[in-house]
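This briefing walks through one protein model, moving from the whole chain to its sheets, its cores and its surface. Please keep the structure in view and look for each named residue as you read.

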Amino acid sequence: MILVVFLVDRFDETAIAREQSMVESGFDQQMHQLNELVVPQVDWDKAVAKVDRTLDLDFADLDFGNQLYTFDGFTHSFFVDGDGRVTYAYIKGRHAPAESFAPFRRIVKQLLVPIRTAEARRGPIKPHAQGKGPITKPIQANGFARVDGQVYVVMASLIQPDLGLVQPKGPRATVSVNAIPVDRTMLDAFAARYLLDDLKLLPSPDPITDRTSIALRAPDGTVVAALSWIPRQPGSVLLHRMVMPLIAAIAMLALVGWTIVRRSGVVVDELLASEMRARHLAYHDTLTLLPNRALLFERLRALLAAPSLHHPLVGMLCIDLDRFKEVNDTLGHQAGDELLKVMADRLRMLARAEPGAFTARLGGDEFVLVAQARDHAAVAGLAQRCLGVLLTPVDSEFGRLDVGCSIGVTVVDSTVREPSLALRQADLALYRAKARGRGCITFYEQEMEAAFQTRRVLEAKLRTALDLGAFHLVYQPQVDAAGTICAYEALLRWDDPEMGAISPATFIPLAEECGLILGIGEFVLRRVFAQSRDWRGVRVAINVSAIQMRAPGFAARLIQIAAAAGIDPARYDIELTETALLTDSLTTSENFSALKRLGFAIVLDDFGTGYSSLRLLHRFRVDKIKIDRSFVADLGQSNEAETLVGAIVKLARSFHLGVIAEGVETEAQKALLIAAGCHEFQGYLTGRPASLAAITQAQEDARIRELRRA
C-alpha cells in the first residue's frame, strides 16, 4: 500500500510539473503576441517623423493611443523621450497629464536598460539601397507591474524606422510604453486555451497544497503577482477509485501494483492526448480545421527566416469571399458554415500541390494562402489558379451557392522577417482588390501604404465632421410628366476645409464600415425635418441605410425625432435599398412596420439591381419603387433596356405601387419612360440638386403665385 501511494504521488508530481511548464510557456507566448501587436506602429518611418522628431498629437492619438486602446485593449499609452521625460499620456481613450505616468516610472526605468543597450548596439541606421523592406528589428522589453491594486503587462518599444527614409532625432530615440491589464477577460481566455481549472490572479504564489502557481515578475525579479489554478492529478483520481479494491484484495498486492502501472500508462497517454488537443484548439480554427492566425505567424516566421535556395520568394495571398454575407442573410448561418468548409477544402487541396505552401483562416470569410516561389510569375500563376478554384459554384443541400473572391497578393524576399509586415501588405492589396470590384486579383504596391493612410485620415476627418455637424444638405426635385415638382430628395454633402468636396459615394460606405452611419443618419433626419417642416405642396424623400434598418430601436428613435420636430410623417418618403430588407430579420420587420404605422411612405430604391426584388414586394408592402439609373441610362440604346423598364412598370402597377425613374438626363429617355407608363422623374434633365435657400425661394414664389391667382 505504501508503494502504491508513493507511485501515485510521484505520478501526480510529474503531471503537475508538466502542466506548470505548459502554462509558463503559454504565458510567454501570450506576451510575445502582445509585442507583435505593437510592432507595426513603432517600426515605421512615419512614427519616427510624427513621434520622435516632432510630436504630432493627432497622429499619436490615431495610430497609438486610440488604436491600441480600441482594437487591442491597451489602457495606458505613454511616450518617453531620450532624457526620460514623458511627452505623451493617453489613458482609456482620453488624454491624461504627464503625472499619470508616475506609477509606471519604476518598471519603465528597468525596461529602458535593455532597450537602450540594444539601441546602442544596433548602431547608426542606413536607408535600404532599394528602398524596400525593413532595415531594423523590433527592440522591445516587457514585464509586470502592480498599479493601484491592478496587475498590468507593461511593454516598452523603441520607435525606429522600417525603411530608414526618416532618421531618429538623436542617439536615444523615443520609447512607446503601453500597458494592458491582466483582467478577468484575459485570464478566462488563457484558461480556456490551456484547459485550466479555477485560474486566479493572486498577490503571490499560492502556499495552499492543492493549487499550483507560477510567479509573474517585474524585470528586476520582484514577484508582482502569481497565476494560480487547481492542477489535474490523474494519479490521485485513480487511487480514489481503487482504495476499496486494494483494501479488499491486499493479498493480491502484486497484481494490484501491476494494474496501477498499467492504468498509469493509460492516464499518461490521456494527459498527453488532452494536451495535444488543447494545443490543436489553440492553433486551429474549429470550423474549417485550418491553422489560425497564431499558427500562421509561427509557420510564416520560420519560412521567412530560412528561404529555400530554389524558391527564394514567399507569396502571400489574402483572400476574402464575395457575397458571403448574402448567403448568411438569405439562407442562414448553417449554409454559410457549409460554404466556408468547402472553400477551406479547396484551398487545402491547392496548397498541397505547391512547394512549402499552407493555408489558414483569419476569421469570418477571410483566408490566407502562403507558398514559396521562384519568381513573381509563379505567384501570379498561383493567384490565378486560386481565383479559378474559388469561383466555381458550390452545390449543397441549400442549392447552388455562387460566390467569388477578391485576392490581395504580396511577394516578399529574405529582407522581410516579420510576418505582421507581410500580412499587412497583403491586406492592403486585398482592400484595393475589393474596391476595384468582385473577382479580381491585386498585387501590393508601395503607394497602397499612402492610400491606406489617406483612408485613415479621411475616417478621422469624418468623425470630426460628425462631431461638429460639418455636413449640409441639397435637395433634388422629382417632377411629373408636366414638369410640376411633386417632391424633393434630400442629398447629403460634405466639404472638408483641406480636401474639398468629398463624394457621398466615398464617405457613406466609409461611414458604414467604421460605425458612423447611425450618427450621420440621425444628423440627416434632424436637419431635413427642421428645414422642410413648413414646405407646402411637395413631399420630401430621405435615404436610410441598411445598417440603420437593422439597428434595434431605429424606428422608435426616428419617431422621437419626428415628434420633436413637429412634422407630418405623411409628407415624407423613406427610401431604402433592397439590401436593407434582404435579411428579413425580426428587427428589420419591426422597424419597417413601425414606420408604416406612423404614416411614412416607403420607397424601394435602386429597384431591379438586387437578387430578390419580387420576393421583397410580396414580403414588404412598400408604396413606390424607383427604377435604377443603370436601366434608364441604356434607354434608346438597347431594346432589352426598354423591355426591362416596361416590365418593371407593369410589375409596379400590378402591386398598385407608384413608380419613379432616377438618372433621367435626356428628353429621349423621358419620352421612352412615359411610353412605358412611368410618369415621375428625377435627374439632371428635370432639375439639379439645389441649396436650401433656392428651395425656400421657390416655395415663396409658388405661394405668391397662388395668392395672385386667388
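Two residues are said to be in contact when they have heavy atoms within 4.5 Å of each other. The model is a predicted one, and the protein in it has 24 helices and 25 strands.

**The protein as a whole**

- Of the 710 residues of the protein, 48% count as buried, a word that stands here for a relative accessible area under 20%.
- The accessible surface comes to about 34,100 Å², and carbon and sulfur atoms account for 56% of that area.

**The six-stranded sheet**

- Six strands make up an open sheet with antiparallel pairing, and their order across the sheet is β3-β2-β1-β6-β5-β4.
- The edges are taken by β3 (94-95) and β4 (140-147), each of which has a single partner strand, so one side of each is left without a neighbour in the sheet.

**Strand β9 and its partners**

- Strand β9 (residues 223-230) is mostly covered, since six of its eight residues are buried.
- Strand β7 (residues 197-202) runs antiparallel to β9 and is joined to it by four bridges, with Leu201 standing opposite Leu227.
- Strand β8 (residues 212-217) also pairs with β9 in the antiparallel sense, over six bridges, and here the bridge partner of Ile214 is Leu227.
- Five residues lie between the strands in the hairpin of β8 and β9, where Gly221 takes a positive phi near 95°.

**Nonpolar cores**

- The largest nonpolar core has 74 residues, and those with the most contacts inside it are Phe529 and Ile625.
- Helix α15 (residues 517-532) gives the most to this core, contributing seven residues.
- Beyond its neighbours within four places in sequence, Ile625 is in contact with several residues, including Leu604, Phe607, Ile648, Leu657 and Ile660.
- Another core, of 40 residues, lies apart from that one, and among its members are Leu68, Phe144, Val224 and Leu227.

**A nonpolar patch on the surface**

- Met252, Leu255 and Trp258 make a nonpolar surface patch of about 340 Å².
- Trp258 lies in helix α7 (residues 253-283), and Trp258 counts as exposed because its relative accessible area is 54%, where the cut-off for exposed is over 50%.

Notes:
Residues numbered from 1 in each chain as written. Predicted model: local features only at pLDDT ≥ 70, side-chain atom pairs only at ≥ 80, totals over all residues. Heavy atoms only, no water. Core = buried A, V, L, I, M, F, W, Y, C linked by side-chain atoms within 4.5 Å. Buried < 20%, exposed > 50% of the residue type's maximum accessible area, 1.4 Å probe, protein only. Helix = DSSP H or I, 4+ residues; strand = E, 2+ residues; numbered from the N terminus. Patch = residues over 30% accessible without salt bridge, like charges linked within 9 Å, V, L, I, M, F, W, Y side chains within 5 Å. Areas by Shrake-Rupley, 256 points an atom, 1.4 Å probe, with all protein chains shown as cover. Salt bridge = Lys/Arg side-chain N within 4 Å of Asp/Glu carboxyl O. Pairing = 2+ DSSP bridges.
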